[in-house]
Amino acid sequence: MRSLLLAVLAAYLIAAIHSILAFVNKRRSLQRVAQWSTLVGFILHTTALIADWVIDGHYPLFFPRETLSFLAWALVALYQVVLYRYRAQALGAFTMPLISVLTFIALIIGSGSGVTPAGFSTTWLFPIHTTLLIFAYAAFFIVFIASVMYLLQERELKLKTFGAIFHRLPSLTTVNELATAAGGVGLTLLTLGIVTGMFWSSIRTGRVWHNDPKEIFALLTWMLYFVLTVYRSTASWRGRRAAWLGVIGFALVLCTFFGARLLPGYHVFG
Amino acid sequence: MSILLIGVNHKTAPVEIRERLAFNDEACADGLRRLVDGDVVREGLIVSTCNRVEILSATANDQLEFGAGRLTQFLDTTGRLPTGFLEQHLYRHTDENAVRHLFRVASSLDSMVVGEPQVLGQVRHAYSLAVQAGTAGRVLNRLVHHTFRVAKRVRTETGIAANAISISYMAVELGKKIFDSLKGCTVMLIGAGEMAELSARHLVNAGAARVIIANRTEETAQQIAQEFGGTAVSLQQLDQALAEADVVICSTGAPNYVLTEAHARAARERRRNRPTCFIDISVPRNIDPAVSNVPNVFLFDIDDLESVISSNIREREREAERAELIVQSEVMQFQQTLRLMDVGPSIGAMRDKFQDVARAELARQRKRLGPLTKDQETAIESLLMSIVNKISHPVMNQMRRFYETGESDDAESPQDPTGLED
């Protein structure tokens, strides 16, 4: 499936370059190219993932290569939803490069070594648990980017610099709403992901908690986004402060994601 | 036929000269009839606005110099100016340059404020006057229609007119950067100035739902409130009103701060952190700059508005560069159309000639064919016509191509010149 993934990477790269150019030059025609190539890349990527699943016989979300590829796919999916819903085209210039990098790494680290532990390919909880969490990470990334855009635009308005950023970034309300919505979606997915994980673990070992670093980070992340969502909904934290939390929170998300890599524990990567 | 354009604009002539040359509608029609003689100056059109007076004409190819002289003389007599007086203010463009100039004018690239929308309407009006006067012919019709297309393309494909450059419109522009859409927003005016009212008008046009007016003299407040269908409040009710306002425009004549940080903090509290946009267009300032320290509150004074404007002008200039490229490619396209127009009729006439020859031959030989039914006669005629067309079609196509590109491709393509091989 490497050649297919190569085509996916090519499409994403084209989309990334055109998104950045569209962002800089504000050209609708460039944006169209970016959107079409994103769509083509997404369709190819979906095909590649299904093909992986069929050929390898396990859900394609186990080895690092698969995880990164799946994460990129989830990001593209969310990005397209955001584009459709909020018309925040500027997002592409931020997300598409990262998506390309993820796809590129997935491509060069090659096929995973070793075989899938038997337990993983048989239970239906594995795909659900992992998919939910990958989409949660993707949603938190959207929160992160929206928060960064908010802070940049807010700074522009407060300092009255009115430079290129001012003309190119969406309005404060748009990015604020986007961050709120993505935060809510992310929190819901994270909750469901953690619950399915606990359920699966209780079936496997009879325990729901292992003091595993990934679990601890996940819990911290959950708490942070829970606080953020509650504060946003009661409107006492709106705008700047919420945006900062969205940025800082993402560091915790990264720790959760790479948790099993940093410190050994019950979880394997993925 | 050559296209010739002479004129003066705000860059080349001061207003004292431009006003002497300006045409009103009647003078324009009159002047056109005087100018277009059907011999040297075949077609004409006069664009007369406060920033420019330009005469566009289609002139016989070999009498370009003479034609230019006539146009200059025409302007001299219009302005009752001594001969040669205009020479230093006048610009003169021919053919490709004239076309480019017209495209640039209509696309508002040559305007005092790049991207202003009026000039296209003025060109449109000038054209309709020329049509009424009967001085817009084959060439100018084509040219002007092409011009409209170019202007439209420039407007839609570049952001040349995208960013506002007037103080009164800034409230809308900044509001959109904060609230995305102004639909349903509440606007509050503190003090009543012309500029503040104009800003409010723009905001209402952009979708603002409610206008609140606070003024020292309540009578004025009532009056403006009526105008906008809004509500008037006294300055004592300021805090209450501020809590409801999304955009606040302040322009009182007061020598001190009317709004302080405390006001803004109280309003934010009541608004549950929803953002507010304060615009202070008064000098001396009426809103304490410290208001800016309150989170989710955005304050802009008159200097800030000026700096958005200059940033917007820079954006427009960047877009204008792209517009120039569009104009350039359209000029080239129009040159092709023009070349084709010169030969178009003769190519068409050639086919008629061929068909006439065929019909004449048929008439000559008709007797030898003996009696024929109606159907047979039609069949023979259509047979002849189809042979003529089949033979002439590729030849004429070749000719058309030749004139479109302006060069022959025979040298490289050794194919059958009749194009009948296949």
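**Exercise 1. Two helices of chain B**

Task: Determine the handedness of the crossing of H7(B) and H8(B), and state how these two helices pack.

Solution. The model is a predicted one.
- Step 1. The crossing of H7(B) and H8(B) is right-handed.
- Step 2. The axes of H7(B) and helix H8 (residues 194-205) of chain B are 7 Å apart, and the packing angle is about 40°.
- Step 3. Angles under 35 degrees count as roughly parallel, and 65 to 115 as roughly perpendicular. The angle of about 40° therefore makes H7(B) oblique to H8(B).
- Step 4. From H7(B), the contact is made by Ile167(B), Ser168(B), Tyr169(B), Ala171(B), Val172(B) and Gly175(B). H8(B) brings Met195(B), Leu198(B), Ser199(B), His202(B) and Leu203(B).
- Step 5. Sorted by class, the residues of this contact are 7 nonpolar, 4 polar and no charged.

**Exercise 2. The extent of chain B**

Solution. 
- Step 1. Chain B is built with 13 helices and 10 strands.
- Step 2. Along the principal axes, the C-alpha atoms of chain B fill a box of roughly 110 × 60 × 45 Å.
- Step 3. The domain assignment divides chain B into domain 1 (2-157), domain 2 (167-304) and domain 3 (344-405). The C-alpha centres of domain 2 and domain 3 of chain B are separated by 78 Å.

**Exercise 3. Where chain B touches chain A**

Task: Find which element gives the most residues to the side of chain B that touches chain A.

Solution. 
- Step 1. The contact takes 16 residues from chain A and 19 residues from chain B.
- Step 2. On the side of chain B, two or more residues come from each of helix H7 (167-179), strand E10 (297-301) and helix H12 (302-365).
- Step 3. H12(B) gives the most, with 5 residues.
- Step 4. By class, this side of chain B has 7 nonpolar, 6 polar and 6 charged residues.

**Exercise 4. The domains of chain A**

Task: Describe how domain 1 of chain A touches domain 2 of chain A.

Solution. 
- Step 1. The assignment gives domain 1 (1-111) and domain 2 (120-270), and their C-alpha centres lie 20 Å apart.
- Step 2. Domain 1 of chain A puts 21 residues into the contact, and domain 2 of chain A puts in 23 residues.
- Step 3. On the domain 1 side, helix H3 (64-86) and helix H4 (90-108) of chain A each supply at least two residues. H3(A) gives the most, with 9 residues.
- Step 4. The domain 1 side has 16 nonpolar, 4 polar and 1 charged residues.

**Exercise 5. Two helix pairs of chain A**

Task: Describe the packing of H1(A) with H2(A), and then that of H8(A) with H9(A).

Solution. 
- Step 1. Helix H1 (residues 2-25) and helix H2 (residues 28-56) of chain A have axes 8 Å apart and pack at an angle of about 155°. Over 145 degrees counts as roughly antiparallel, so H1(A) is roughly antiparallel to H2(A).
- Step 2. H1(A) and H2(A) cross in a left-handed way. Their contact has 17 nonpolar, 9 polar and no charged residues.
- Step 3. Helix H8 (residues 172-204) and helix H9 (residues 213-234) of chain A cross at roughly 145°, and their axes come within 10 Å. This crossing is left-handed.
- Step 4. Among the contact residues are Gly183(A), Gly184(A) and Gly186(A) of H8(A), and Trp222(A), Tyr225(A) and Phe226(A) of H9(A). By class, the contact has 8 nonpolar, 7 polar and 1 charged residues.

How values were computed. Residues are numbered from 1 along each chain as its sequence is written. Chains are lettered from A and ligands numbered from 1 in the order in which they are written. This is a predicted model: local features need pLDDT of at least 70, side-chain atom pairs count only at pLDDT 80 or more; totals for chains, interfaces and linings use all residues. Axes are lines fitted to C-alpha atoms, for helices over the stretch in contact, and angles run from 0 to 180 degrees between N-to-C directions. Helices (H or I, at least four residues) and strands (E, at least two) are DSSP runs, numbered from the N terminus. A crossing is left-handed if the near helix is turned anticlockwise from the far one by less than a right angle, and right-handed if clockwise. Two residues are in contact if their C-beta atoms, placed from the backbone, lie within 7 Å. Ala, Val, Leu, Ile, Met, Phe, Trp, Tyr, Cys and Pro count as nonpolar, Asp, Glu, Lys and Arg as charged, and the others, Gly among them, as polar. Domain bounds come from an automatic or database domain assignment.
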